[in-house]
Amino acid sequence: MNRSDLVMAAMSAGGPKASFDSLGIQKLLFLIDAEIPDLVEGPHFAFEAYRYGPFDAAVYRVLGDLTPRGHVRQEEREGYTRYALTGEGYRVGSRIAGALSAEARDFMERAARWLLLSTFRRIVTTIYRRYPEMAQKSVVPELAAASPWAAHRLVLPDFLSGVARLFDFTGTMNPPLYEGSPEEADARGLREDWQAVGDDMERALAALGPPEPAR
């Protein structure tokens, strides 16, 4: 398996209509390389700590190579690039994934689903908690020391302890990282997510400057 094969297989795990932003595709391939390298003939990339955790520019080079080949579609949305497989890319990626072990496919599907459904804050917090060395150059260092409930839906144990535990969304297979009921943890997690939204809005308003007086 080469890098292009891995990228298409990983993206296909999100489904035929999955679209990944830059953060999501980087973290998906990082988790695969870090957690199940032996199952995908890896690791395939050389991730290093960067602004928002693990990053390797080679990921974008592979996506760039796959685009003119008709396997990847790049979309610009509000100044951000999103990456999705074309119909042909999905067929190729699914075929590659189908040749992998059931454990590898299950991991990729769970990882892709979690990344597609999670907020920026939850993704970065969880990665930092599992891999603190990846927070060394972070521009949001406060997330590296986030409260325990911020990652309560995704505990990342060693892969050998059971791949199913990695994305145990309900917490039934993993010891909790928080005190209190799951409902309380959910409420706290939602509060943090909305706080992050509020922080983003404040930064955006500050960048715009004070409003002009009405005329």
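Me: Contact here means heavy atoms within 4.5 Å. With that in mind, which strands does α3 lie across?
Reply: This is a predicted model. In it, α3 lies across β4 and β5. The helix runs at about 110 degrees to β4.

Me: Back up a bit. How many helices and strands does the protein chain have?
Reply: Eight helices and five strands. From the N terminus, the order of elements is α-β-α-β-β-α-β-β-α-α-α-α-α.

Me: And how much of the protein chain counts as buried?
Reply: 45% of its 215 residues.

Me: What share of the contacts comes from residues 24 or more positions apart?
Reply: 65%, taken over contacts with a separation of 6 or more.

Me: Sheet next. What is the strand order in the open sheet of three strands?
Reply: β1-β5-β4, and the pairing is antiparallel.

Me: Which strands stand at the edges?
Reply: β1, residues 19-21, and β4. Each has a single partner strand, so one side of each lacks a neighbour in the sheet.

Me: By how many degrees are neighbouring strands turned against each other?
Reply: 30 degrees on average, with direction ignored.

Me: How many bridges pair β4 with β5?
Reply: Six, in the antiparallel sense. Strand β4 covers residues 72-77 and strand β5 covers residues 80-85.

Me: Which residues face which across that pair?
Reply: Q74 has Y83 as its bridge partner. E75 stands opposite R82. E76 stands opposite T81.

Me: What about the hairpin? Which residue there takes a positive phi?
Reply: E78, with phi near 55 degrees. The hairpin of β4 and β5 has two residues between the strands.

Me: Switching to helices. At what angle do α2 and α3 cross?
Reply: Roughly 105 degrees. Their axes come within 10 Å. Helix α2 is residues 22-35, and helix α3 is residues 58-66.

Me: Is that roughly parallel or roughly perpendicular?
Reply: Roughly perpendicular. That class takes angles from 65 to 115 degrees, which is why α2 and α3 get the label.

Me: Which residues meet there?
Reply: From α2, S22, I25, Q26 and L29. From α3, V59, Y60 and L63.

Me: How many of those are nonpolar, polar or charged?
Reply: The contact of α2 with α3 has five nonpolar and two polar residues. It has no charged residues.

Me: Then on to charges. How many salt bridges does the structure hold?
Reply: Four. Among them is E35 with R130, where the closest N and O atoms are 3.3 Å apart.

Me: What does that pair tie together?
Reply: Parts that are 95 residues apart in sequence, because E35 lies in helix α2 and R130 in helix α6, residues 120-130.

Me: Are they buried or exposed?
Reply: E35 counts as buried, at 6% relative accessibility. The cut-off for buried is under 20%. R130 is partly exposed, with 27%.

Me: Give me another of the salt bridges. Which residue does D106 meet?
Reply: R110, at 3.0 Å from N to O. D106 is partly exposed at 24%. R110 is partly exposed too, at 23%.

Me: What does R73 form a salt bridge with?
Reply: E75, with the closest N and O atoms 2.9 Å apart. R73 is partly exposed, with a relative accessible area of 38%. And E75 is the residue that stands opposite R82 in β5.

Me: Last one, A102. Where does it lie, and how far is its C-alpha atom from that of L39?
Reply: A102 lies in helix α5. Its C-alpha atom and that of L39 are separated by 9.8 Å. A102 counts as partly exposed, at 47% relative accessibility.

Notes:
Residues are numbered from 1 along each chain as its sequence is written. This is a predicted model: local features need pLDDT of at least 70, side-chain atom pairs count only at pLDDT 80 or more; totals for chains, interfaces and linings use all residues. Side-chain values use heavy atoms; hydrogens and water are left out. Axes are lines fitted to C-alpha atoms, for helices over the stretch in contact, and angles run from 0 to 180 degrees between N-to-C directions. Helices (H or I, at least four residues) and strands (E, at least two) are DSSP runs, numbered from the N terminus. Angles under 35 degrees count as roughly parallel, over 145 as roughly antiparallel, 65 to 115 as roughly perpendicular and the rest as oblique. Ala, Val, Leu, Ile, Met, Phe, Trp, Tyr, Cys and Pro count as nonpolar, Asp, Glu, Lys and Arg as charged, and the others, Gly among them, as polar. A salt bridge is a side-chain nitrogen of Lys or Arg within 4 Å of a carboxyl oxygen of Asp or Glu. Buried means under 20% relative accessible area, exposed over 50%, partly exposed in between (1.4 Å probe, protein chains only). Two strands pair if DSSP finds at least two bridges between them.
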